[in-house]
Amino acid sequence: MSQSPPHPPYSTLEVSTHDPESFQKEVVQYPDHSIPQAVPLEQAAAGATHSYYSPESAKEVVNPPHNVYPGAVPVAYKDPNYAGGVYQQNSAYQGYPTSATYSDASAYPHSAYPASSTSPTDFNTYGPGQHGGTEYGGEYPHSEQKAAPAAMICGLRRKTFFLILGLAAVVVIALVAGLAGGLASKNRSGSGADAEPSGSGDQSPKDPAGTNSTSEKLILSNSKITASNWTDPNGVVHRTIFFQDAYNSIIARRWDSKGKSWKTNNLTELMAATTTPLRPQSGTPLASASMDYNNNFETHVWFTDPNNMIRSMASFDALNRPDSWDNDTLNGAQLQTWPGGQLAAMWQRCWNGNNCNGTWIVAYQRPEGAIKTANSSTWATATVAVESKDVAANSSLAVLPKLDGASLDRLELVSERVISDKTGNMRMTFYNDTWNAADQRVTELQADIPLPAPSQQFAASRWDSWNQALYIALLRTGEIQGNHWDGKQMTNIGEFKFNSGPEINFTAVAMSPDAMFYGISNDEILEYSLDTSDPSNFNYVGRVFP
């Protein structure tokens with residue numbers, strides 16, 4: 001029998017600083033040199049004087065007191081591996097009954113001691129862990145039982161094996177996807193579409209946006225388009241196309257007959273960091289115009305913001321600083337449009353050949369329905385051109401300069417009037433010094449066309465020294481109809497032919513003053529020239545964007 005330790009029995013009251021539910025424990029010392037163990041006060045009150053701990057599964061309570069109530073931590077058990085121990089296998093015993101009868105039940109989980117070697121309860125519940133094995137002055141007895149070897153696959157632990165297998169699968173998938181994408185890109189870059197002319201006779205795109213080797217959308221699905229042109233003192237023709245890209249930004253594409261390449265300015269991006277960012281509506285109406293007069297070379301574009309207010313950007317020195325764009329404040333005028341209404345614009349020469357720089361004209365539909373024209377001589381004072389009773393809501397618009405004898409100082413306005421609950425008429429109103437009695441100066445163009453829709457747009461152009469004109473309508477059905485004025489009479493054109501080029505499905509159209517046609521089709525902007533000998537024909541020139 002083992003001797004008592006040289007130290008006399010003692011008792012101390014401890015409060016663990018590590019146990020979040022800190023309860024008081026009495027620590028006692030035992031004559032068989034086992035380490036001190038935590039004995040709840042309730043157990044001590046019940047008569048328990050020993051609390052031994054062993055990790056083995058087979059345990060036996062020695063002389064249990066009869067007054068210990070269910071759920072209390074059992075009294076001492078002994079293991080045959082220790083001196084003076086008592087051991088007896090009892091297969092019928094399956095652990096101690098679970099209970100939550102302690103005042104602090106959370107301090108004692110159900111069956112704090114494992115019922116068997118397969119119990120999910122960690123046998124280190126009170127062993128090394130959060131409370132180290134030496135916290136109470138010694139080490140717990142080591143088990144003779146060895147843990148079962150971990151399952152191995154190909155010499156690796158299961159977890160390690162499947163982790164490596166998963167990583168290898170990801171690498172293989174990435175390699176396959178990259179190879180497929182590379183082959184697709186190579187095939188597309190070598191296709192005939194990228195070998196097409198990029199517009200205005202340019203056979204080799206020089207702008208990085210000139211090719212699109214992915215399926216990503218580049219143009220806003222409901223983008224409108226507008227075009228203008230001017231000629232510099234050296235006879236070089238300059239053209240500018242405006243549209244919205246897939247990110248809602250307003251894009252300007254510029255071309256000239258000398259460099260024969262398209263260049264890009266993102267107007268929204270240029271203004272993003274300023275105090276007047278653009279914030280255009282998605283699918284905003286667009287209108288543009290240029291001037292080349294008295295050594296002034298400018299290009300302007302108009303659009304609407306989310307409040308349906310007209311905004312403008314301008315290149316005030318298009319000849320020397322074509323990449324420079326500034327906010328055109330319209331002299332602070334607040335020009336509000338009908339929600340979803342369209343815009344049209346032009347530059348008008350001085351009346352009767354007077355030596356001035358002319359004026360900018362913008363036509364728009366007011367919230368009350370009337371079509372008004374505002375001009376740069378006094379932006380805030382807009383004039384009614386077509387009364388609300390004579391125009392359809394959200395009418396498409398187009399404006400054209402018109403000769404008055406030898407002076408190009410008059411204009412024509414194209415709009416739509418409601419005829420029935422399903423159809424309307426495309427008509428042209430002539431401005432002659434004033435809009436007064438304009439309803440008496442109307443020429444009917446296309447009859448019984450569909451009522452206005454966002455996809456329905458008008459465009460117009462002149463040639464032959466401004467004597468001939470073409471008025472076209474892209475209908476909501478996708479058809480294009482129009483009228484030709486040959487200087488003497490108006491002829492109806494029921495169908496247009498677009499010769500050569502890719503398959504077309506126009507969602508937006510525009511014409512520049514020099515009789516060039518532009519259309520958005522299948523996420524591309526295409527350019528055509530008018531066959532002036534037969535205005536029902538357009539000849540493919542090239543791709544403007546991308």
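Me: What is the volume of the largest pocket, and how is such a pocket found?

Reply: Rolling a probe the size of a water molecule over the atoms shows where empty space is left. In this predicted model, the largest pocket has a volume of about 810 Å³. A pocket is, on a 1 Å grid over the protein atoms alone, an open set of points where a 1.4 Å probe fits, with protein on both sides within 12 Å along at least five of seven lines, and lining residues have an atom within 4 Å of a point. Grid points are joined across faces, edges and corners, and the volume is the space filled by probe spheres set on the points.

Me: Which residues of the lining are the closest to the centre of the largest pocket, and which strands supply the lining?

Reply: Of the 44 lining residues, Ala-227, Ala-345, Met-511, Ser-512 and Pro-513 are the closest to the centre. At least two lining residues come from each of β6 (226-231), β10 (287-293), β14 (343-348), β18 (398-404), β23 and β28, where strands are DSSP runs (E, at least two residues) numbered from the N terminus.

Me: Which residues touch the most other members of the largest nonpolar core?

Reply: In soluble globular proteins, nonpolar side chains tend to be buried together. A nonpolar core is a set of buried Ala, Val, Leu, Ile, Met, Phe, Trp, Tyr and Cys residues joined through side-chain atoms within 4.5 Å, and buried means under 20% relative accessible area with a 1.4 Å probe, protein chains only. Here the largest core has 19 residues, of which Leu-470, Ile-480, Phe-517 and Phe-538 touch the most other members. β23 (457-463), β24 (468-474), β28 (506-511), β30 (524-530) and β31 (537-545) each supply at least two residues of this core.

Me: Is Gln-244 buried or exposed?

Reply: Gln-244 lies in strand β7 (residues 237-244), and it counts as buried because its relative accessibility is 0%. Leaving out residues up to four places away in sequence, Gln-244 has contacts (heavy atoms within 4.5 Å) with residues including Ile-219, Lys-224, Pro-280 and Thr-284.

Me: How is the confidence of the model to be read, and where is the pLDDT below 50?

Reply: The pLDDT, the predictor's confidence in each residue from 0 to 100, averages 76 over the protein, and 65% of the residues score at least 70. Over residues 50-62 the pLDDT is below 50, although this stretch has 53 contacts in the model beyond near neighbours in sequence. Local features need pLDDT of at least 70 and side-chain atom pairs count only at pLDDT 80 or more, whereas totals for chains, interfaces and linings use all residues. Residues are numbered from 1 along each chain as its sequence is written, and side-chain values use heavy atoms, with hydrogens and water left out.

Note on methods: Buried < 20%, exposed > 50% of the residue type's maximum accessible area, 1.4 Å probe, protein only. Helix = DSSP H or I, 4+ residues; strand = E, 2+ residues; numbered from the N terminus.
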